Amino acid sequence: MANGTVEARMLDLIEEVCDDEVIREERDIDLFEAGLLDSMAAIELLVGIETEFGIVIAPTAVEREEMNSVNKIIHQVEIRVQG
C-alpha cells in the first residue's frame with residue numbers, strides 16, 4: 001500500500017482513538033477491559049477504518065471478542081482489505 005502497511009496505519013489510528021501509545025506494546029490486551037476503548041470510541045474507530053481503508057465494518061457484523069485487542073482489530077481489517 002502506498003500509504004504504509006495496514007498494520008502501521010491501524011496502529012496509528014488505534015493509538016489516536018485510544019489516546020495512549022501503550023497499544024503499540026500491549027497488542028493483546030483487551031482494550032475495553034483496560035479502559036482504552038468504550039462504545040463511543042469503538043464507533044469512532046469503525047468510522048476511522050472506513051475513512052482510511054474504504055471498508056465498512058458494521059458494529060453488528062463482528063462480535064466484541066473479535067475486535068477487543070489491537071491484533072484482533074488489525075486482523076479484521078486485513079481480511080477485509082485483502083478480500
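I'm working from a predicted model, where local features need pLDDT of at least 70, side-chain atom pairs count only at pLDDT 80 or more, and totals for chains, interfaces and linings use all residues. Numbering starts from 1 along each chain as its sequence is written, and side-chain values use heavy atoms, with hydrogens and water left out.

**Whole chain.** I find 3 helices and 0 strands in the protein chain (DSSP runs: H or I of at least four residues for helices, E of at least two for strands, numbered from the N terminus). I looked up burial too: 40% of the 83 residues count as buried, meaning under 20% relative accessible area, with exposed over 50% and partly exposed in between (1.4 Å probe, protein chains only).

**Helix 2.** Residues 39-53 make up this one, 15 residues in all, reaching 21 Å from first C-alpha to last, close to the 21 Å expected at 1.5 Å a residue (that is 1.5 Å times one less than the number of residues).

Which residues of helix 2 are buried? I get Ala-41, Ala-42, Leu-45, Leu-46, Gly-48, Ile-49 and Phe-53. Down the axis of helix 2 they fall within an arc of 160 degrees, so they line one face (the arc uses directions from the helix axis to the C-beta atoms). These buried residues pack against helix 1 (6-18) and helix 3 (70-82). The face turned away carries exposed Ser-39, Met-40 and Thr-51.

**Ends.** Asp-38 caps the N-terminal end of helix 2, with a side-chain oxygen 3.2 Å from the backbone nitrogen of Met-40. Gly-54 follows helix 2, and its phi is positive, near 75 degrees.

How values were computed
Contact means heavy atoms within 4.5 Å. A polar contact is a pair of N or O atoms within 3.5 Å; within protein, one must be able to donate a hydrogen and the other to accept it, and residues adjacent in sequence count only if both atoms are side-chain atoms.
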